[in-house]
Structure formats: C-alpha cells, structure tokens
Amino acid sequence: MKTALYPGTFDPVTIGHQSIIIRSSELFDKLIVGIGNNSNKQCMFTLEERIEMLKKEVETYKEYQIENIEVVSYEGLTVDFCKKNEIDYIVRGVRTNTDWSAESSIVYANNMLYERVETVFLLADIDEIGISSSIVRDILRNNGDVSKFVPRVVLDMVQQKKK
Ligand code: COA
C-alpha cells in the first residue's frame, strides 16, 4: 500500500492546498495530511482550529467518494514522522521557482536524514499560483473577503471566529 504525507502549516487551508490534497489522494492508496511545525511561522489559527478545518474539509470529499485521507498533527521533523509511521512519500505543492529552490534544499536534507523517503512535487494549478496562506491572513486582518481564496468550510469557520 502506497501511503503519502502531505505536510504543511495550513494557516489557513487555501484552495491551493485543497487542490493538492485532492490530486494527491488520487495518486496514493492513502494520504495523510499532516500539520507540522514551521518554526519560522507565527500562526493566526490555533493547531486545534487547523485540525478542525482540515477534518471538515476532508469530510466534504466523501460526497465524491474520496475516502482515503486522514488528518493528523505531529511534532518534530517531518522525516521522523514518516519513519515512525512507515511513510515513504512526501507530497509538496510548488507554485514558482522560489518554492522550488526552497523545497529542493529540504528534499536533500530530508533524504540525508531518511534515505527511503521520496518527495513528490505537484505543480500548483495555474489560477492558484498567486494564492498563499499569508495573503489570506493579510486579507483577514484587514477585514477583506477571502471567499475566492479558501474552501467553503474554511470560510464558514473564519466567519464564525469573527462573530
Ligand atoms: N497553491 C497555493 N499555495 C500553496 C500551494 C499551492 N499548491 N502550496 C503551498 N502553498 C503555500 C501555502 O499557502 C503557504 O503560504 P505562506 O507561506 O504564505 O503561509 C506556503 O505555500 C507553504 O506553506 P505550507 O505548505 O502550509 O507549509 P510550510 O512551508 O509552512 O511547511 C512543514 C510546513 C510542516 C512542512 C515544514 O515546516 C516542516 O517540515 N516542519 C517540520 C520540521 C522539519 O522537518 N523541517 C525540515 C527539515 S530540513
């Protein structure tokens, strides 16, 4: 059985993440969406909120018979989580050359730490290249409308949080 991990901060989940989740769930028998810890990021949404938004999001895919996705959070190195759970594939979405150069050095480091792990890159959809969680956070901080940037369930959670 081929299991992959799609790790991220997901602060918050965007339609860019949504597309990578759906596309990679079709490539692997099982997809684990893992909320890891990026030590350079100060999150707007708590870990509990991000787990809840991903779980709710993944729940909506059941309508389309996509049922091979699990949501988890983990501490420490992504490769250590892979090793411990016998996961041989990491999925990452890339949008631009900048993403590619940042991601490629992580691949080298990850492989030095855990030889077995293979990173699979999915190119972001062309109309999602300009979307990022930090843009969404910035729009939210300024009371803007993020409905074109985030999935429906995330929009609902954001609106609930505002009240
Ligand atoms: N479409 C649109 N946006 C996309 C995208 C896509 N297909 N793919 C990524 N993004 C954006 C995200 O919105 C996010 O935007 P932001 O930086 O403005 O917030 C950014 O690209 C990447 O964020 P995300 O994918 O959520 O994860 P991350 O880069 O914060 O990485 C971990 C998080 C958990 C994977 C990483 O920090 C990690 O592995 N941590 C554990 C420690 C470790 O192992 N470090 C590596 C050692 S070498």
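Strand 1 (3-8), helix 1 (15-27), strand 4 (89-94), helix 4 (97-113) and helix 5 (133-141) each give at least two residues to the shell around the ligand. Helices (H or I, at least four residues) and strands (E, at least two) are DSSP runs, numbered from the N terminus. This is a predicted model, where local features need pLDDT of at least 70, side-chain atom pairs count only at pLDDT 80 or more, and totals for chains, interfaces and linings use all residues. Residues are numbered from 1 along each chain as its sequence is written, and side-chain values use heavy atoms, with hydrogens and water left out.

**Exercise 1.** Work out which residues come nearest to the ligand.

*Solution.* Next, sort the shell by class: eight nonpolar, 14 polar and five charged. Here Ala, Val, Leu, Ile, Met, Phe, Trp, Tyr, Cys and Pro count as nonpolar, Asp, Glu, Lys and Arg as charged, and the others, Gly among them, as polar.

**Exercise 2.** Find how far ligand oxygen atoms lie from side-chain N or O atoms of Arg92 and Arg95.

*Solution.* Take Arg92 to begin with: the distance is 3.0 Å. Then go to Arg95, where it's 2.9 Å. For Ser134, a polar side-chain atom sits 2.2 Å from a ligand oxygen.

Technical notes. A residue is near a molecule or strand if one of its heavy atoms lies within 4 Å of it. A polar contact is a pair of N or O atoms within 3.5 Å; within protein, one must be able to donate a hydrogen and the other to accept it, and residues adjacent in sequence count only if both atoms are side-chain atoms.
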